Amino acid sequence: MSGLVLENVGKHYGSACAVTDVNLHLPEGKLVCFLGPSGCGKTTLLRMIAGLETLSDGEIRLDGQDIGHTPAHQRNFGMVFQSLALFPHMTVGENIAYPLRLRGVSKVDQQARVTELLQLIQLQEMVDRPVAKLSGGQRQRVAIARAIAARPKLLLLDEPLSALDAKLRESMQIEIRQLQQRLNITTILVTHDQREAMTMADIVVVLGEHRVQQVGTPIEIYRNPANAFVADFIGSGNIFPATALGSGRVGLPGGAALQVPICESIQAGASIKLLVRPEDLQLSLPQASAGNCLPGTVTFVRDSGATVETTIECSGVSLTALSTPCQSIGLSIGNPVSVTIPAAACRVLTA
Amino acid sequence: MAHSTLTRPVGAAPLRPAKTISPSARAWLFLTPSMLFLGVLIAASLLVLRMSVGTKGAEWSGFSLASYAQLLEPYYLKSLLLTLRLALVSALIAVLLATPVGYCMSRLQSPLLRRVFLAAVLMPLLVNLLLQSYGWLVILGPGGMLNQALLGLGLIDRPVMLLYNQTGVLMGLVQTAFPLAVLPIASAMRGVARSYEEAAATLGASRLQVFRQVVLPMSLPGIITGATLVFAYNASSFVVPLLLGGRRVPMLAVMVHDQIAPLMNWPAASAAGVVLIVTTLAIMTFSEFVTGRRRRILEASQ
């Protein structure tokens, strides 16, 4: 199988488990994102792929070849560290040329490649600057240029944008994504920022509690979370307990019933969890409850200008609805309201 | 002012009047004890400078450059060059030996192990110089342990002369000044974050290349500091050349002592001392000049 394959990969320190039982196939030319809360083992996994951490279990294969125990410097992967780790005793040009120098590339070819890469990252005039004189975004780009200088088979990014301010981070996300697509280089990005993952990734690997929770495209993961962990971690969502009543009906704690997509594997009477995204809830002036339209009371309104978040107490659960100012019907705390929960927007999660 | 009520309740006690002492004056006050101490030292140095241009018997009133002229005689000139050479060579050897030790110390994970290592490295500073030198005598002397062992093994038939020559003094100088080299090097290397080494490794550098091309250049300021310290310390070394060199390795400090103790020639001793201080300072300034730019670049990045 071409691309990178991880089979039963695990790492533990003594009895403490960092990550376990990882089975992944990373196709060539894609950007794969390891997404998870801090301490979920995503960085450990990346470091094992880079060869900076030994494997406790399993195998890593690249294009069919077992590389699990190859030392880092023989793997030919480019890596960008969270701290960037640009060498302060070298200029921008020397930093980018360093992997080429290690491979015995001639001075002329080194220079040609450095010029080419500096053009790519639009920092031609910075070639002789010491790295300390660069701004955060410029350093970021130099670190990426250095990582791809020797045309690595894999580009590994370990939360490379976490040190940048929010605005710069957003533009760098797009820049890195465009660069990756242009070079068509297989890339793994580690992040805890789900917005970053959604912006950049072809495939998202959600990690949590030391194992892989779900693998899928960003929209699949957002729309069809495999379990309560993923549903809770990705995006904001209303997750609340309910009881299955059979034939696609569920009962809320407050007694009201909802129609949801039929889930074959769940028996009537089982307790489940429901996920409804805030943007799927529709609010209207009080009207007779019918089908998935339930009465409720507004308990909080957060109007941030661009969006309005309304929290409603409804049949024993607290729901948050997200609407645009033009959809808003001017509610304030204590107002009665009707909430429509479209059946198609409900996800049944096994509790 | 309308806003004052927000910060200060009406009727609150008046603020204490600001101290009349200015912040910079307070800083000087803080420095006073150490300044006094340094002042005495500087005064003593100036007295030495004064005596060096005096004449024997009239150290405070006479004026003559004869003592300096005397230092240009081959005997003294040789001693000066010998002193500088031994100090320099011992600094190079100490740094060469201290670099791997410093690297090892900087990468120790366990705090206990690090403390044990540190204590071992600091030993020479804790044990009296005289005792250390006698230790070397016991080991290296003509009837010492090393020669006994070599003779016993039949590797040599006459004792090897390791003492009362430059080799013996050099060994003593390197050993006694070793901690001065290790400490700044270890601290500089601890400043080189692990991620730099890992970055170099992922870019294709072997462990040796990582050390040579990343760790060494990045900790160069610490290495230079170590070398400079050892150099300055050994240039004025007295006990080691006296005990391990006998009178055959006349380093300048020994000569200074000889000028004073048996000969009572204060101007000559002072002139030798002044020359020693000036040369050492000149060499240290030069090393700072050479490495200053790189040090500033590295410091700006950390």
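**Helix packing and chain contact in a predicted two-chain model**

User: Which hand does the crossing of H4(B) and H8(B) have?
Analyst: In this predicted model, a crossing is left-handed if the near helix is turned anticlockwise from the far one by less than a right angle, and right-handed if clockwise. Helices (H or I, at least four residues) and strands (E, at least two) are DSSP runs numbered from the N terminus. For H4(B) and H8(B) the crossing is right-handed.

User: What pLDDT do local features need here?
Analyst: Residues are numbered from 1 along each chain as its sequence is written, while chains are lettered from A and ligands numbered from 1 in the order in which they are written. Side-chain atom pairs count only at pLDDT 80 or more, totals for chains, interfaces and linings use all residues, and local features need pLDDT of at least 70.

User: How many nonpolar residues are in the contact of H4(B) with H8(B)?
Analyst: Ala, Val, Leu, Ile, Met, Phe, Trp, Tyr, Cys and Pro count as nonpolar, Asp, Glu, Lys and Arg as charged, and the others, Gly among them, as polar. The contact of H4(B) with H8(B) has 1 charged residue, 5 polar residues and a nonpolar group of 20.

User: What is the distance between the end C-alpha atoms of residues 83-104 of chain B?
Analyst: The unreviewed UniProt entry places a "transmembrane region" at several spans of chain B, including residues 27-48 and 83-104. UniProt positions are given in the numbering used here, feature names are shortened, and annotations may be inferred rather than shown by experiment. Residues 83-104 of chain B are 100% helix and 0% strand, with an end-to-end C-alpha distance of 31 Å.

User: Is B:Val275 buried, partly exposed or exposed?
Analyst: B:Val275 sits in helix H14 (residues 266-301) of chain B. A residue is buried if 20 or more other C-beta atoms lie within 10 Å of its own, exposed if 12 or fewer, and partly exposed in between, with C-beta atoms placed from the backbone. B:Val275 has 18 other C-beta atoms within 10 Å, so its class is partly exposed.

User: Which residues does B:Val275 contact, leaving aside its neighbours within four places in sequence?
Analyst: Two residues are in contact if their C-beta atoms, placed from the backbone, lie within 7 Å. With those neighbours set aside, the partners of B:Val275 are B:Leu71 and B:Leu80.

User: Which strand and helix of chain A each supply at least two residues of the side that touches chain B?
Analyst: Across the two chains, 23 residues of chain A are in contact with 20 residues of chain B. The side of chain A that touches chain B has 16 nonpolar, 5 polar and 2 charged residues. Its contributors of at least two residues each include strand S6 (77-80) and helix H2 (92-102).

User: How many of the 11 residues of H2(A) are buried?
Analyst: Among the buried residues of H2(A) are A:Val92, A:Ile96 and A:Leu100. Their cover includes helix H3 (107-120) and helix H4 (136-148) of chain A. H2(A) is largely enclosed by the rest of the structure, because the buried residues among its 11 number 8.

User: Which residues of H3(A) make the contact with H2(A)?
Analyst: H2(A) and H3(A) pack at about 130° with their axes 9 Å apart, which means that H2(A) is oblique to H3(A). H2(A) passes H3(A) in a right-handed crossing. H2(A) brings A:Gly93, A:Ile96, A:Ala97, A:Leu100 and A:Arg101, and H3(A) brings A:Gln110, A:Arg113, A:Val114 and A:Leu117.

User: Which residues does A:Leu117 contact, leaving aside its neighbours within four places in sequence?
Analyst: A:Leu117 lies in helix H3 of chain A. A:Leu117 counts as buried because 21 C-beta neighbours lie inside 10 Å. Beyond its sequence neighbours, A:Leu117 is in contact with A:Ile96, A:Ala145 and A:Ala149.

Methods. Axes fitted to C-alpha atoms, helices over the stretch in contact; angles between N-to-C directions. Parallel < 35°, antiparallel > 145°, perpendicular 65-115°, else oblique.
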